Amino acid sequence: MADIQGSYDDLFTAVPNRLAELLDAGDTGGSVAVFVDGEPVVDVWGGFADAGRTVPWERDTIVNVFSVTKTMTALCALVLADRGEIDLDAPVTRYWPEFAAAGKERILVRHLLSHTAGLPDWDGPVEEIYDWPAATARLVAQAPQWEPGSAAGYHSLTQGFLVGEVVWRVSGRSVGEFFAQEIAGPLGADFHIGLAAEHDRRVALTVPPPGRDEEYTASAPGRATPAAGTALRVRDGNSVAWRRAQIPAASGFGNARSVALVQSAMACSGTLRGVRLLSQAGCERAREEQFSGDDRVLGMPVRWGLGYGLFGSTYGWGGWGGSLVMIEPEARMVVAYVTNQMREPADDNRGLEIVMSAYDGLVGLRA
């Protein structure tokens, strides 16, 4: 069995065992954390940080978690909303007047968070996503593909720029700066949106699925082909330009510990380790259903809250390649799984399997 490092409560033995099984089945590396009441009951890691399997995954190894980053960007917006600085029911143009171009006057801030704004596709060159003014200018010029709020279509790359520009207009800080100063810093969380060069040595580059190379681009689980818009390759996500840029829908770097720590604020009514990020009402706002039905881009049924996917009594989201965070507010539990090993989306249930193994421990904890 693969060697698993770290610590865990004996009630949650199923979690490190599941990680070991995934590594034994061929995965390169990864980490898992389970927090209950804001404290870790599982904090484990194993495998390798490189495709050549020569560099062990360490305690401080970090990885691109792709769309798990959306939950961090949403949290920034929810914090500002809780402070009364953003009105989620206001038109985006209240904060970003130029956004009114091309018929977008009726798009509300909540539409940006719930993938219902009608701007799901990035149709510019990949290089423009590294240039914030170019990216936001391209979105200003786009017309919505449907009546805002009437349908949902996963805003894979665009959501981060849309929400992030509102954060910047309101706070005077980029999403990366706001997140670092108001959330990660106070909590002591090793998560970054826009990664400084000093952290490069700790990054586990993404490994394509077996039989694929760095030209690999993903399709959504419910689709046979990639969605419209510019395709994103593994090569892009592994580039220095990607790490340095702030791409708030997809370029966050962290480990399972830092993901679970940050999102534990949502599980613990907004206050964690003496740090009050937002009110209980502000946390519950994330779970307000904005859309339920077939997502036009993902090609499958989805329930969207404000910045999070809703799954029964839980909420969270996953990223391209397999990383995932799930919040169980009733148990005040957060489960996070991050990995550098991609699998084909249609065949990837690793995050769900990790979550289910954590529930085994929760049953014991409640007994």
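Biologist: What makes helix H9 largely enclosed by the rest of the structure?

Modeller: In this predicted model, 12 of the 12 residues of H9 are buried, so the helix is largely enclosed by the rest of the structure; buried means under 20% relative accessible area, with exposed over 50% and partly exposed in between, for a 1.4 Å probe and protein chains only. Among the buried residues are Arg-257, Gln-263 and Met-266. Local features need pLDDT of at least 70 and side-chain atom pairs count only at pLDDT 80 or more, while totals for chains, interfaces and linings use all residues. Residues are numbered from 1 along each chain as its sequence is written, and side-chain values use heavy atoms, with hydrogens and water left out.

Biologist: Why is H1 called roughly antiparallel to H11?

Modeller: Helix H1 (residues 14–24) and helix H11 (residues 350–366) pack at an angle of about 155°, with their axes 8 Å apart. That makes H1 roughly antiparallel to H11, given that angles under 35 degrees count as roughly parallel, over 145 as roughly antiparallel, 65 to 115 as roughly perpendicular and the rest as oblique. By class, the contact of H1 with H11 has six nonpolar, one polar and four charged residues; the residues of H1 that meet H11 include Arg-18 and Leu-22, where contact means heavy atoms within 4.5 Å.

Biologist: Why are H2 and H6 called roughly perpendicular?

Modeller: The axes of helix H2 (residues 69–82) and helix H6 (residues 175–187) come within 10 Å and cross at roughly 70°, a value to be set against the range of 65 to 115 degrees, and H2 and H6 are therefore roughly perpendicular to each other. The contact is made by residues including Met-72, Val-79 and Leu-80 of H2 and Phe-178 and Ile-183 of H6, and by class it has nine nonpolar, one polar and no charged residues.

Biologist: Why does Gly-282 count as buried?

Modeller: Gly-282, which is found in helix H10 (residues 280–285), has 0% relative accessibility and therefore counts as buried. The C-alpha atoms of Gly-282 and Leu-80, 202 residues apart along the chain, are separated by 9.7 Å.

Key: Axes fitted to C-alpha atoms, helices over the stretch in contact; angles between N-to-C directions. Helix = DSSP H or I, 4+ residues; strand = E, 2+ residues; numbered from the N terminus. Nonpolar A, V, L, I, M, F, W, Y, C, P; charged D, E, K, R; others polar.
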